[in-house]
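Open the structure in your viewer and keep the sequence panel beside it. The stops below say what to select and what is there.

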Amino acid sequence: QVQLVESGGGLVQAGGSLRLSCAVSGGTFSMNDIGWYRQAPGKEREPVATSGSGGRTKYGDFVKGRFTLSRDNAKNTVYLQMNSLKPEDTAVYYCNIPASPRLGRRESWGQGTQVTVSS
């Protein structure tokens, strides 16, 4: 199955930036299928940047142009560039690949990387 390993989280002041990385290996996948989710304490996991129709990336409403998902196919790595960070962006960020019955693939999650934004 597909393995996902996140990195790049940390502590940053409000208004700062972070770039998260998700290294992908194993299984059968398209880099376009990889997305990012987050889970704040006491809240449900929510999508941040996921695969949308027509190969586009769908961003959560809260993103408002601050985050950008990019891919390096040569490195099998997906990035999430986060700018203008706010304290409410504090969460554990996970990368994800959905299940694909056609490819015989189960859904996979990384272990998560903590992002903390101080005010």
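## Strands side by side

Select residues 3-7, strand E1, and residues 18-25, strand E3: the two run antiparallel and are joined by 5 bridges. Strands here are DSSP runs of E with at least two residues, numbered from the N terminus, and two strands pair if DSSP finds at least two bridges between them. Within this pair, Val-5 stands opposite Ala-23 of E3.

The model is predicted, so local features need pLDDT of at least 70 and side-chain atom pairs count only at pLDDT 80 or more, while totals for chains, interfaces and linings use all residues. Residues are numbered from 1 along each chain as its sequence is written, and side-chain values use heavy atoms, with hydrogens and water left out.

Ser-21 has Tyr-79 of E8 as its bridge partner.

E7 and E8 form a hairpin with 4 residues between them, and Asn-76 in the turn has a positive phi of about 50 degrees.

## The disulfide

Which two residues does a disulfide join? Select Cys-22 and Cys-95, whose sulfur atoms are 2.1 Å apart. Cys-22 is in strand E3 and Cys-95 in strand E9, so the pair links distant parts of the chain, 73 residues apart. The structure holds 1 disulfide, the term being used for a pair of cysteine sulfur atoms within 2.5 Å. The torsion about the S-S bond is about 75 degrees, so this disulfide is right-handed.

Cys-22 counts as buried because its relative accessibility is 0%; Cys-95 is also buried, with a relative accessible area of 0%. Buried means under 20% relative accessible area, exposed over 50%, and partly exposed in between (1.4 Å probe, protein chains only).

## Arg-38

Select Arg-38, which lies in strand E4, residues 35-39. Is Arg-38 buried or exposed? Arg-38 is buried, with a relative accessible area of 6%.

Show the side chains of Glu-46 and Tyr-93 as well. The side chain of Arg-38 makes a polar contact of 2.8 Å with that of Glu-46, and a polar contact of 3.0 Å joins the side chains of Arg-38 and Tyr-93. A polar contact is a pair of N or O atoms within 3.5 Å; within protein, one must be able to donate a hydrogen and the other to accept it, and residues adjacent in sequence count only if both atoms are side-chain atoms.

Leaving aside neighbours within four places in sequence, Arg-38 is in contact (heavy atoms within 4.5 Å) with residues including Val-48, Phe-62, Phe-67 and Asp-89.

## Thr-90

Move to Thr-90, in the loop between E8 and strand E9 (91-97). A polar atom of the Thr-90 side chain lies 2.9 Å from the backbone oxygen of Pro-87. With neighbours within four places in sequence left aside, the contacts of Thr-90 include Ala-40, Pro-41 and Val-117.

## The whole chain

Finally, select everything. The protein chain has 0 helices and 11 strands. Its C-alpha trace spans about 45 × 30 × 25 Å along the principal axes. Of the 119 residues, 39% count as buried.
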